[in-house]
Amino acid sequence: MLHMGIMGCGSIAGRMAATVNEAEGAALMAVAARELERADAFAAEFGATKSYGSYEELAADKEVDAVYVANIHPAHAACVRLCLENGKAVLCEKPLAMSYEEALSLFRLAEKKGVLLVEGMWTRFLPAWREIKRLVNDGVIGRVRNMQADFTVDIPFDPESRIYNLAKGGGALLDVGIYAIHALLHILGPDCEEIKAIGRLSPTGSDSCAAVLLRYADGILAQASCGCDVAGSHLAHIYGEQGHIDVPEMFAATSFTLCRQGEEPQTFSYEQRDGFLYELQEFMRLVESGALESDIVTPRDSLAAAKIIDQAMQQICR
């Protein structure tokens with residue numbers, strides 16, 4: 001039985017807590033927040049055995065095997081570091097950190113301590129995306145030449161919300177754009193050669209919309225679009241020399257359509273289960289096997305995503 005702890009008691013933490021309760025072989029041992037009252041209420045709602053009013057207490061709990069970090073973006077790195085220093089395997093909600101350098105320091109610490117660290121990009125664990133990757137690798141649509149992924153959603157402007165408040169890690173790239181970027185990296189790999197970005201800023205100075213273009217050594221072009229001030233399609237398209245793959249609701253894909261030249265399109269559908277369950281099941285497998293990294297969301301992928309976001313922000317905000 002894997003005894004899980006959760007840092008943070010917001011809505012995403014609640015989603016993972018419910019998933020832990022659903023997963024066979026996992027138990028919610030402890031939860032923590034900066035205010036004990038919030039942790040107590042969260043523990044009562046989701047049946048956690050213990051609740052703490054500090055992250056330090058949870059990290060030091062010897063009965064906790066692994067921790068899911070789910071507080072606001074700027075707090076991720078410090079909480080991950082606490083867990084790693086205490087020998088806890090960590091599944092950290094995206095983004096892992098606020099910058100490439102910060103993320104790199106966390107992976108170096110995980111390697112030094114011999115502890116598993118995985119960025120919680122649940123989209124990549126979905127059966128649909130894992131099958132898409134297999135088909136692309138098998139050459140079903142021929143050599144890939146272009147890819148596009150979109151995650152834009154209209155969120156009313158509120159300067160105090162975590163979406164728009166820079167002190168809370170606000171910005172479209174870190175909140176939704178990271179899904180589109182990881183979709184590109186999932187299929188094309190982390191080794192892009194050039195990054196170009198344009199975008200616009202909200203009144204608080206956070207990025208509210210962005211388009212990021214990647215160029216790979218063999219001429220592949222890929223585009224991620226994201227925004228929190230416009231309603232979008234959430235589509236992904238992978239274009240090969242012999243066909244293409246279309247993915248509706250890219251970030252939560254339960255289906256995709258394969259279109260090959262001269263053939264009728266084929267649509268593949270999968271059960272509609274919460275993507276957090278696939279992510280947690282894989283994380284549990286990694287912990288139980290003693291693995292030190294995921295081969296679905298590798299450290300190189302997480303670092304590549306962080307570097308892309310860093311460079312995109314520099315270009316948009318200059």
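Reply: The largest cavity here has a volume of about 70 Å³. A cavity is a set of points, on a 1 Å grid over the protein atoms alone, where a 1.4 Å probe fits but cannot get out; lining residues have an atom within 4 Å of a point. Grid points are joined across faces, edges and corners, and the volume is the space filled by probe spheres set on the points. The model is predicted: local features need pLDDT of at least 70, side-chain atom pairs count only at pLDDT 80 or more, and totals for chains, interfaces and linings use all residues. Residues are numbered from 1 along each chain as its sequence is written, and side-chain values use heavy atoms, with hydrogens and water left out.

Me: Which residues lie nearest the centre of the largest cavity?

Reply: P95, A97, L174, A306 and I309 do, out of 14 lining residues. Helices (H or I, at least four residues) are DSSP runs numbered from the N terminus, as are strands (E, at least two). α7 (172-188) and α9 (299-317) each supply at least two lining residues, and α9 gives the largest share, five.

Me: How is that lining made up by class?

Reply: Ala, Val, Leu, Ile, Met, Phe, Trp, Tyr, Cys and Pro count as nonpolar, Asp, Glu, Lys and Arg as charged, and the others, Gly among them, as polar. The lining of the largest cavity has 10 nonpolar, two polar and two charged residues.

Me: How much space lies in the second largest cavity?

Reply: About 40 Å³. Its lining includes L126, P127, Y270, E271 and R273, and by class six nonpolar, one polar and two charged residues form this lining.

Me: Now packing. Which residues have the most contacts inside the largest nonpolar core?

Reply: In soluble globular proteins, nonpolar side chains tend to be buried together. A nonpolar core is a set of buried Ala, Val, Leu, Ile, Met, Phe, Trp, Tyr and Cys residues joined through side-chain atoms within 4.5 Å; buried means under 20% relative accessible area (1.4 Å probe, protein chains only). The largest core here has 91 residues, and W129, I238 and M250 have the most contacts inside it. Its largest share, 13 residues, comes from α7. A second, separate core of 31 residues includes L96, L109, L303 and A306.

Me: What is M250 in contact with, leaving aside its neighbours within four places in sequence?

Reply: Contact means heavy atoms within 4.5 Å. The partners of M250 include W129, F151, Y179, A180, A183 and H234.

Notes: 1 Å grid on protein atoms, 1.4 Å probe; cavity = no way out; pocket = protein on both sides within 12 Å on 5 of 7 lines; lining within 4 Å. Buried < 20%, exposed > 50% of the residue type's maximum accessible area, 1.4 Å probe, protein only.
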